[in-house]
Amino acid sequence: MTEYNFAYLDEQTKRMIRRAILKGLAIPGYQVPFASREMPMPYGWGTGGVQVSAAVLTPEDTFKVIDQGADDTTNAVSIRTFFERTAGVNTTTTTSDASVIQTRHRIPEEPLSAGQILVYQVPIPEPLRFLEPRESETRKMHSLEEYGLMHVKLYEDISHHGHIATSYAYPVKVEGRYVMDPSPIPKFDNPKLGDMAAVQLFGAGREQRIYALPPYTQVVSLDFDDHPFEASKAGHPCGMCGAIDSYLDELIIDDAGGRMFVCSDTDYCEARQAAGHMGKDNGGKDAA
Amino acid sequence: MYVAVKGGERAIENAHAWLAEERRGDTDIAELSIAQIREQLSLAVNRVMAEGSLYDPDLAALAIKQARGDLIEAIFLIRAYRTTLPRFGASEPVDTGAMACDRRISATFKDLPGGQVLGPTFDYTHRLLDFKLAADGDVPEAPSRETAADCVPHVTGFLNREGLIEEAPYDDAPPPDLTREPLEMPAERALRLQALTRADEGFTLGLAYSTQRGYARNHAFVGELRIGAVPVEMDIPELGFAVEIGEVTLTECETVNQFKGSKTEPPQFTRGYGLVFGQTERKAISMALVDRALRWEELGEDNVGAPAQDAEFVLYHADNIQATGFLEHIKLPHYVDFQSELELVRKLRREAGAQQVQEAAE
């Protein structure tokens with residue numbers, strides 16, 4: 001085999017996936033079962049996101065792939081190369097230049113605009129999965145809007161730890177109806193989910209589910225009146241660009257265990273450095 | 001000084017080049033041919049075809065070569081290739097009664113029409129390493145004779161005449177296809193069987209074994225195990241009738257299971273069924289035992305909470321391509337999630353520490 005259809009999948013399959021996407025957009029936060037295909041990369045490595053991207057990409061699109069916020073992590077490179085090879089689309093690392101962005105575990109720092117599509121790779125789409133392992137049960141709970149178990153779990157967190165001990169894949173409620181797993185993004189990113197100008201699509205290949213958030217959807221992180229949701233991050237500025245508003249990775253930089261904090265969004269960090277912002281580990285004066 | 005890591009692309013290319021070199025091994029040693037793998041590692045080829053859900057010995061041999069003998073990786077290659085193939089149609093159901101049996105044994109009847117045919121089996125070999133094989137692989141020719149019967153009737157058919165075994169009513173409904181529709185629960189038996197036939201051999205074996213050790217014991221007799229080639233026929237619309245388009249080798253296992261009756265069913269023997277591509281005996285028997293365990297509900301048996309009775313547990317975890325992908329994805333970067341966990345654990349420890357200090361002061 002040397003020739004593949006545009007974006008690898010055959011047109012019938014893409015049509016099937018688009019139908020699932022449209023259904024997902026019509027019922028924000030609802031997990032639509034779809035007949036996920038075996039892809040030439042392993043399940044759990046973004047096959048859901050790849051199938052959704054394949055279904056929405058057009059030859060005119062500009063595609064960006066990030067993993068952990070970075071364009072250059074190995075799996076992001078691998079997926080970008082896959083679409084360069086099978087779809088021949090232009091690729092970019094610049095967030096604002098991309099019309100389709102596939103992501104794993106992050107939402108870009110730069111606000112997205114209308115016309116952009118953000119495709120999430122989702123490992124476990126079911127927010128109730130670790131409370132109830134049975135799919136037949138969790139689907140029932142969603143249809144009956146029976147989310148008591150989730151609130152009990154969050155309440156138990158508070159009674160044990162004084163606050164909710166979920167730091168990523170923090171559950172949200174969509175348009176007051178479906179509780180949704182935002183994929184394992186840090187809860188720092190949760191506030192960006194709601195009222196976003198871009199279309200957000202979530203693909204879980206192994207679990208055969210697609211769900212979606214149309215633009216400007218109301219998305220609320222679950223919390224209690226006396227324990228409001230709080231987006232958190234490391235309390236440092238970025239060592240490279242000095243940003244104080246971005247999510248940071250922690251690096252170990254010497255044998256003594258010295259630490260440094262750097263933006264996880266590489267495009268954001270590089271753009272700031274190009275604009276002359278330098279952090280304290282980069283000879284900069286933006287040091288805090 | 002930290003420098004943002006660049007060059008993931010080159011690292012990947014270099015890793016792949018190294019992999020190719022390792023796959024080939026010492027170039028002073030002759031390279032394996034696809035034909036050698038197909039002919040001399042045929043049971044590996046059979047497993048790859050069965051779990052890859054694609055009957056093509058040459059492609060399976062190629063996949064084994066490319067995967068350096070890692071069979072799950074080879075199955076993955078076959079599955080990924082399989083999804084890209086166009087579908088021209090569906091064959092007629094194969095008739096295993098018309099199988100040209102290489103092997104056919106029954107553990108329930110000493111003799112029966114068609115006879116007991118051991119065929120090429122490891123069963124009564126003494127598992128002693130054959131050092132002669134290390135020196136030269138010449139084998140004396142095995143004696144042969146014409147097969148006695150052209151049609152070997154199914155053992156369960158004889159039991160059925162006496163009404164001792166549950167009916168298996170003829171069903172013409174097209175079976176569901178989990179490669180085209182998402183697997184949803186509850187899954188009917190045809191769908192469960194499809195999932196089991198491509199399920200991981202080890203997982204299926206473990207589950208089947210657990211039923212033998214008492215986790216939903218269903219005491220299975222191997223009513224019949226048969227291995228051989230069956231013709232595959234396909235209806236050609238232009239012709240208006242079915243023509244033979246080839247043949248496939250299958251392993252079929254029918255178990256006869258003890259059953260004392262339930263609220264809804266009389267005492268009778270019940271059935272477990274296994275059908276797998278190629279000579280894949282262990283898998284076919286395992287499949288039959290697990291199939292039988294999963295049938296507790298339709299037979300009105302008690303759910304004793306055994307893993308092999310739990311269709312959701314079995315079907316959602318039996319696929320080794322799904323399992324290995326998700327298991328191995330934890331190798332991927334998780335810096336972001338881990339960072340948020342670091343912050344959380346530090347916060348919890350700070351609070352726990354402060355509490356202890358306060359308690360000590362009180």
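In which hand, left or right, does H8(B) pass H10(B)? In this predicted model, H8(B) and H10(B) make a right-handed crossing. Helix H8 covers residues 189-197 of chain B and helix H10 covers residues 281-294 of chain B, and their axes come within 10 Å and cross at roughly 150°. Angles over 145 degrees count as roughly antiparallel, so H8(B) and H10(B) are described as roughly antiparallel to each other. From H8(B), Arg192(B), Leu193(B), Leu196(B) and Thr197(B) meet Met287(B), Val290(B), Asp291(B) and Leu294(B) of H10(B). This contact has five nonpolar, one polar and two charged residues.

Two packed helices are described by the angle between their axes and the distance between the axes. For helix H3 (residues 42-52) and helix H4 (residues 57-66) of chain B, the axes come within 9 Å and the crossing is roughly 105°. H3(B) and H4(B) are therefore roughly perpendicular to each other. Here Ala44(B), Val45(B), Val48(B), Met49(B) and Gly52(B) of H3(B) meet Pro57(B), Ala60(B), Ala61(B), Ala63(B) and Ile64(B) of H4(B). By class, the contact has nine nonpolar residues, one polar residue and no charged ones.

Finally, the two chains also touch. Their contact involves 48 residues from chain A and 40 residues from chain B. On the chain B side, at least two residues each come from helix H1 (8-24), helix H5 (71-82), helix H12 (320-328) and helix H13 (335-361). H13(B) gives the largest share, eleven residues. The side of chain B that touches chain A has 18 nonpolar, nine polar and 13 charged residues.

Conventions. Residues are numbered from 1 along each chain as its sequence is written. Chains are lettered from A and ligands numbered from 1 in the order in which they are written. This is a predicted model: local features need pLDDT of at least 70, side-chain atom pairs count only at pLDDT 80 or more; totals for chains, interfaces and linings use all residues. Two residues are in contact if their C-beta atoms, placed from the backbone, lie within 7 Å. Helices (H or I, at least four residues) and strands (E, at least two) are DSSP runs, numbered from the N terminus. Ala, Val, Leu, Ile, Met, Phe, Trp, Tyr, Cys and Pro count as nonpolar, Asp, Glu, Lys and Arg as charged, and the others, Gly among them, as polar. Axes are lines fitted to C-alpha atoms, for helices over the stretch in contact, and angles run from 0 to 180 degrees between N-to-C directions. Angles under 35 degrees count as roughly parallel, over 145 as roughly antiparallel, 65 to 115 as roughly perpendicular and the rest as oblique. A crossing is left-handed if the near helix is turned anticlockwise from the far one by less than a right angle, and right-handed if clockwise.
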